[in-house]
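Please read the following report alongside the sequence and the model.

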Amino acid sequence: MIDFHCHLDLYNDPKLAVEDADRAGIYVLSVTTTPKAWRRTLALAQGRKRIRTALGIHPEIAHERLGELPLFEALASETRYFGEVGLDGGPTVRQYAAQQTQVFEFVLATATKQGGKVLTIHSRRAADEVLQLLRRFPAAGTPVLHWFTGTPAQLRRAVEQGCWFSVGPAMLRSERGSALTALIPRDRILTETDGPFAKVGSRPLQPNDAWSAVEGLAALWKVPLDEVVATLGQNLRRLSGDAGVDAIAIRQPSPSR
Ligand code: MN
């Protein structure tokens, strides 16, 4: 099973979240929201062969973190994964659009300089702006749009531009999210939870909840669960080029869940 966008460092008990994910055999992309969080978040993954850590600077706090850009650049060569990065056009942070753009441009320029990264990208209410910036930095690497909430036309454009997508239980539960997911090519999709930000009721999602996205995809595609699991595993191997992925148990959670 795959959770390609999870904030392991932000759970009440990060070590427990890591332990649970590891025991369940889940491949996790552990994303960060600031460069300052990199060290301790990377340390959480120590000795866990299925957890990769991404260096990020979240668009909702980008305006407060301009001073961390040199740190971002200094740490960038330590990982193939950047995230969470991107733009947010929501009412509370729209006023910081210029700073957000400055930060995201910096991230894309750094990725380009280093020869390409895998980027997990936030694009809420800013899909056009994100796609436009990605076009300006075609060698930044492979963009993975996480929890995409744009329009079908924007999604089609993103596909044409080579974007991948990660979809979670919350996206698949909504009618609009399901309709968007149906438009994503099956060889460009991964599962995620966005825990602990994303919740079921009041319970923060855990990496294990990526299984509910697998079930959602099986229902949407009208194929057996095994086929979804196999497709996602192939996608992860292709995207990551990660030799370690072959050793990963890409399987269902244990029935004790
Ligand atoms: Mn997130």
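## Helix H6 and its surroundings

In helix H6 (residues 152-160) the buried residues are Gln 154, Leu 155, Ala 158 and Val 159, where buried means under 20% relative accessible area, exposed means over 50%, and partly exposed lies in between, as found with a 1.4 Å probe on protein chains only. Viewed along the axis of H6, these buried residues fall within an arc of 140°, so they line one face of the helix; the arc is that of the directions from the helix axis to the C-beta atoms. Helices (H or I, at least four residues) and strands (E, at least two) are DSSP runs numbered from the N terminus.

This is a predicted model, in which local features need pLDDT of at least 70 and side-chain atom pairs count only at pLDDT 80 or more, while totals for chains, interfaces and linings use all residues. Residues are numbered from 1 along each chain as its sequence is written, and side-chain values use heavy atoms, with hydrogens and water left out.

The cover over the buried residues of H6 includes H5, strand S6 (141-146), strand S7 (164-167) and helix H8 (175-182), contact being defined as heavy atoms within 4.5 Å. Just after H6 comes Gly 162, which takes a positive phi of about 95°.

## Helix H4

Helix H4 (residues 97-113) has 17 residues and reaches 24 Å from its first C-alpha to its last, close to the 24 Å expected at 1.5 Å a residue; the expected span is 1.5 Å times one less than the number of residues. Its buried residues are Gln 100, Val 103, Phe 104, Val 107, Leu 108, Thr 110 and Ala 111. They cover an arc of only 160° around the axis, which puts them on the same side of H4. An α-helix has 3.6 residues a turn, so residues three or four places apart point the same way.

On the other side of H4, Ala 98 and Lys 113 are exposed. The buried residues of H4, for their part, pack against helix H3 (69-75), strand S4 (81-86), strand S5 (117-122) and helix H5 (127-136). Gly 115, which follows H4, has a positive phi near 95°.

## Aromatic pairs

Rings of Phe, Tyr and Trp (its six-membered ring) pair if their centres lie within 6.5 Å, and planes under 30 degrees apart count as stacked, over 60 as edge-to-face and the rest as tilted; by this rule the count comes to four aromatic pairs. In one of them, the rings of Phe 4 and Tyr 27 have centres 6.5 Å apart and planes at 10°, so the pair is stacked. Phe 4 belongs to strand S1 (residues 2-6) and Tyr 27 to strand S2 (residues 27-30), so the pair ties together parts that are 23 residues apart in sequence.

Phe 4 also pairs with Tyr 81, with ring centres 6.3 Å apart and planes at 75°, so this pair is edge-to-face. Since Tyr 81 lies in strand S4 and Phe 4 in strand S1, the pair ties together parts that are 77 residues apart in sequence. Phe 4 and Tyr 27 are buried, as is Tyr 81, and Phe 4, Tyr 27 and Tyr 81 form one aromatic cluster.

## The manganese ion

Which residues are the protein donors of the manganese ion? They are His 5 (NE2), His 7 (NE2), Glu 84 (OE) and Asp 194 (OD), lying 2.2 to 2.3 Å from the ion; donors are N, O and S atoms within 2.8 Å of the metal (3.2 Å for Na, K and Ca), and water is not among the atoms, so sites may look incomplete. In sequence the donor residues follow the spacing H-x1-H-x76-E-x109-D.

Both His 5 and His 7 are buried. Glu 84 is found in strand S4, and a cis peptide bond with omega of about 10° joins Gly 83 to Glu 84. Asp 194 is in the loop between S8 and S9, is buried at 7% relative accessibility, and has a phi near 60°, a positive value in a residue other than glycine.

## Other backbone features

The peptide bond from Gly 195 to Pro 196 is cis, with omega near -5°, and Pro 196 is found in the loop between strand S8 (189-191) and strand S9 (199-200). Arg 125, in the loop between S5 and H5, has a positive phi of about 55° although it is not a glycine, and at 60% relative accessibility Arg 125 counts as exposed.
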